[in-house]
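User: I'm new to reading protein models. Could you walk me through this one, feature by feature?

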Amino acid sequence: MTFQHVLFIVFGAITLGGALMVVTRRNVFNAALFMILSFFGVAGLYVLLEAPFLAGVQLFIYIGGISILIIFAIMLTRDMMNPDLIGRNSQWIAAAVVMVPLCAILIWTVSSHDWAAAPGPVPENSILTLGQALVDQEGLALPFEVASVLLLVALIGAVTIARER
Amino acid sequence: MGPQIPLEWYLFLAAALFCIGAYGVLSRRNAIAILMGVELMLNAVNINLVAFWRFLEPGGAVGQAFALFVYAVAAAEVAVGLALIIATWRTRETVILEDVDLLKG
């Protein structure tokens with residue numbers, strides 16, 4: 001049991017515990033706060049996986065951006081704060097009955113495969129490699145631009161849909 | 001120093017996170033809570049992508065780059081989704097998906 005194992009268990013518990021609270025809390029605002037906690041746990045896992053850039057992006061986009069958007073939407077639609085609302089629909093038992101075996105099947109499938117052992121350390125310039133691959137015409141420049149156009153279209157669409165008429 | 005945690009641990013964790021998120025999508029009534037379930041599922045996918053990058057091809061960039069594309073798609077999805085929820089709230093005064101039945105015959 002090394003320090004890394006302890007960190008993995010701590011971040012994994014934060015992630016899964018937060019996620020469980022997200023899907024079970026009746027108050028949507030509380031659920032959103034637990035979702036932020038869960039995202040933080042995922043950022044910790046990225047640090048453990050030696051992907052510091054993605055950990056930072058996780059903090060900026062998920063905790064800084066998406067969570068704030070969701071909290072704004074909760075504030076704009078006050079009805080959700082009503083504690084009398086039932087949080088789950090009539091099919092929640094069926095959903096649990098499907099999801100628990102699905103999780104078991106996934107875990108069984110993963111564990112029945114012999115995975116490669118950990119390779120050596122990550123090259124020191126991994127962020128440089130990532131940045132160059134994203135603008136390399138032989139590499140990922142086209143998907144990168146398509147993602148940019150998708151974001152632009154989505155944001156214009158969001159403004160158009162949500163605009164007061 | 002390489003990672004001391006086996007790849008399976010990350011895959012197990014991502015599988016559990018994905019199933020929890022999918023359960024949230026299937027069982028919640030609030031539209032925003034359903035969106036939060038989708039975000040959890042996308043995070044599970046991203047954990048898998050980064051873990052495979054770290055364990056199978058740490059010298060390459062594709063794993064991390066695809067995680068970044070997932071971020072872009074997640075941001076687009078949440079922006080459009082929340083705009084739809086706010087538009088629905090304006091016209092129907094509800095965020096409970098079962099009450100949104102405009103297309104019901």
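Predicted model: local features only at pLDDT ≥ 70, side-chain atom pairs only at ≥ 80, totals over all residues.

User: How many residues of chain B are in contact with chain A?

Analyst: Two residues are in contact if their C-beta atoms, placed from the backbone, lie within 7 Å. By that rule, 67 residues of chain B touch 75 residues of chain A. On chain B's side, α1, α2 and α3 each give two or more residues, and α3(B) gives the most, with 21. Helices here are DSSP runs (H or I, at least four residues), numbered from the N terminus.

User: What classes of residue make up that side of chain B?

Analyst: Ala, Val, Leu, Ile, Met, Phe, Trp, Tyr, Cys and Pro count as nonpolar, Asp, Glu, Lys and Arg as charged, and the others, Gly among them, as polar. The side of chain B that touches chain A has 50 nonpolar, 11 polar and six charged residues.

User: How do I describe two packed helices?

Analyst: You give the angle between their axes and the distance between the axes. The axes are lines fitted to C-alpha atoms over the stretch in contact, and angles run from 0 to 180 degrees between N-to-C directions. Take α3(A) and α3(B): their angle is about 5° and their axes are 10 Å apart.

User: Are α3(A) and α3(B) roughly parallel or roughly antiparallel?

Analyst: Angles under 35 degrees count as roughly parallel, over 145 as roughly antiparallel, 65 to 115 as roughly perpendicular and the rest as oblique. So α3(A) and α3(B) are roughly parallel to each other. Their contact has 18 nonpolar, two polar and no charged residues. The α2(A) and α2(B) pair also packs at about 5°, with axes 11 Å apart, which makes α2(A) roughly parallel to α2(B). There, the contact divides into 14 nonpolar, two polar and one charged residue.

User: Which residues have the most contacts inside the largest nonpolar core?

Analyst: A nonpolar core is a set of buried Ala, Val, Leu, Ile, Met, Phe, Trp, Tyr and Cys residues joined through C-beta atoms within 7 Å. Buried means 20 or more other C-beta atoms within 10 Å of a residue's own, exposed means 12 or fewer, and partly exposed is in between, with C-beta atoms placed from the backbone. The largest core has 71 residues, and those with the most contacts inside it include I70(A), M36(B) and V50(B). Its largest share, 15 residues, comes from α2(B). Leaving aside neighbours within four places in sequence, V50(B) is in contact with residues including Y46(A), L54(A) and A67(B).

User: What about phi?

Analyst: Most residues other than glycine have a negative phi, and most peptide bonds are trans. Here, E50(A) has a positive phi near 60°, and E50(A) sits in the loop between α2 and α3 of chain A. E93(B), in the segment after α3 of chain B, also has a positive phi of about 60°.

User: Why is E50(A) partly exposed?

Analyst: E50(A) counts as partly exposed because it has 18 C-beta neighbours inside 10 Å. E93(B) has 10 other C-beta atoms within 10 Å, so E93(B) is exposed.

Notes:
Residues numbered from 1 in each chain as written. Chains lettered and ligands numbered in written order.
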